[in-house]
Amino acid sequence: NFFFNMIFTYRYCRMLEEGSFRGRTADFFFMFLFGGLILTAVGLFVNLAFLGQAFTIMLVYVWSRRNPYVRMSFFGFFTFQAPYLPWVLLGFSLLLGNAIIVDILGIVVGHTYYFLEDVFPRRDGGLKLLRTPQFLKSLLDPVENDDNDEDAGRDVDENERPGGFDWGNNRADAAQDRDDDDNQ
């Protein structure tokens with residue numbers, strides 16, 4: 001069960017980071033922070049000590065809702081759309097005899113994040129209630145290039161360009177062009 005959870009955590013973390021959170025490291029971290037805090041708070045009330053599986057299901061839920069048209073296959077037995085994946089995993093846990101409260105907790109927290117981040121702000125009168133703090137953005141997100149940068153859009157001299165070979169031309173043409181430039 002632990003190995004199964006590690007595979008799912010790695011896979012869906014990677015797909016979220018490379019997909020809907022590409023270039024938004026602070027938002028990705030904030031989702032982790034939100035999920036971890038909510039799961040910990042609820043886990044204290046329902047007396048759950050290990051919440052790794054719930055966290056994995058939360059990640060799977062967010063990924064599956066953001067990728068609704070992806071076709072999935074569960075161990076090659078049957079295929080379904082991605083939004084059903086958390087429910088298929090819940091059924092699989094039930095078949096294995098695991099406590100499904102952990103999976104349900106992950107689904108609830110994942111749905112809470114998805115609703116507050118993706119659904120509610122797009123409704124009429126909706127607000128964006130989850131905002132990544134600015135200090136996390138300045139700490140974790142890459143610095144964007146300034147449009148007023150004096151080097152922006154500047155053609156790079158051939159000697160400054162890495163590689164040093166003009167792959168679009170053959171060697172004789174490139175050598176002739178360099179000789180013409182040197183003579184001027």
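Asp118 lies in helix H5, which spans residues 101-119, and the model in which it is seen here is a predicted one. With a relative accessible area of 14%, Asp118 is buried, since the cut-off for that label is under 20%. When its neighbours within four places in sequence are left aside, the residues in contact with Asp118 are Arg66 and Tyr113.

Of these two contacts, the one with Arg66 is also a salt bridge, in which the closest N and O atoms are 2.7 Å apart. Arg66 and Asp118 are both buried. In general terms, side chains of opposite charge can pair when their charged atoms come close.

## The other salt bridges

A search of the whole structure finds 3 salt bridges, and the pair of Arg66 and Asp118 is one of them. Another salt bridge joins the side chains of Lys128 and Glu117, with a distance of 2.7 Å from N to O. This pair, too, links distant parts of the chain: Lys128 sits in the loop between H5 and helix H6 (134-140), while Glu117 is in helix H5, and the two are 11 residues apart. Lys128 is partly exposed, with a relative accessible area of 31%, whereas Glu117 counts as buried at 13% relative accessibility.

The side chains of Asp27 and Arg24 also meet in a salt bridge, again described by a distance of 2.7 Å from N to O. Here Asp27 is buried, its relative accessible area being 13%, while Arg24 is partly exposed, with a value of 27%.

## Helices H3 and H4

Helix H3, which holds residues 52-66, and helix H4, which holds residues 85-96, have axes that come within 8 Å and cross at roughly 150 degrees. Because angles over 145 degrees count as roughly antiparallel, H3 is described as roughly antiparallel to H4.

On the H3 side, the contact is made by Gln53, Ile57, Val60, Tyr61, Trp63 and Ser64, and on the H4 side by Leu85, Pro86, Leu89 and Ser93. Sorted by type, the residues of this contact divide into 7 nonpolar and 3 polar, with no charged residue.

## Phe74 in strand E1

Phe74 is found in strand E1, made up of residues 71-74, and at 9% relative accessibility it counts as buried. Leaving aside neighbours within four places in sequence, Phe74 is in contact with Phe80, Val88, Leu89 and Phe92. One of these, Leu89, also takes part in the contact of H3 with H4.

Leu85 is another residue of the contact between those helices. Phe74 and Leu85 are 11 residues apart in sequence, and their C-alpha atoms are 8.7 Å apart in space.

## The protein as a whole

The protein contains 7 helices and 2 strands, and from the N terminus on, its elements follow the order α-α-α-β-β-α-α-α-α. Of the 184 residues in the protein, 32% are buried.

The accessible surface comes to about 12700 Å², and 56% of this belongs to carbon and sulfur atoms. Among the contacts between residues at least 6 apart in sequence, 54% join residues at least 24 apart.

Terms used. Residues numbered from 1 in each chain as written. Predicted model: local features only at pLDDT ≥ 70, side-chain atom pairs only at ≥ 80, totals over all residues. Heavy atoms only, no water. Axes fitted to C-alpha atoms, helices over the stretch in contact; angles between N-to-C directions. Helix = DSSP H or I, 4+ residues; strand = E, 2+ residues; numbered from the N terminus. Parallel < 35°, antiparallel > 145°, perpendicular 65-115°, else oblique. Contact = heavy atoms within 4.5 Å. Nonpolar A, V, L, I, M, F, W, Y, C, P; charged D, E, K, R; others polar. Buried < 20%, exposed > 50% of the residue type's maximum accessible area, 1.4 Å probe, protein only. Areas by Shrake-Rupley, 256 points an atom, 1.4 Å probe, with all protein chains shown as cover. Salt bridge = Lys/Arg side-chain N within 4 Å of Asp/Glu carboxyl O.
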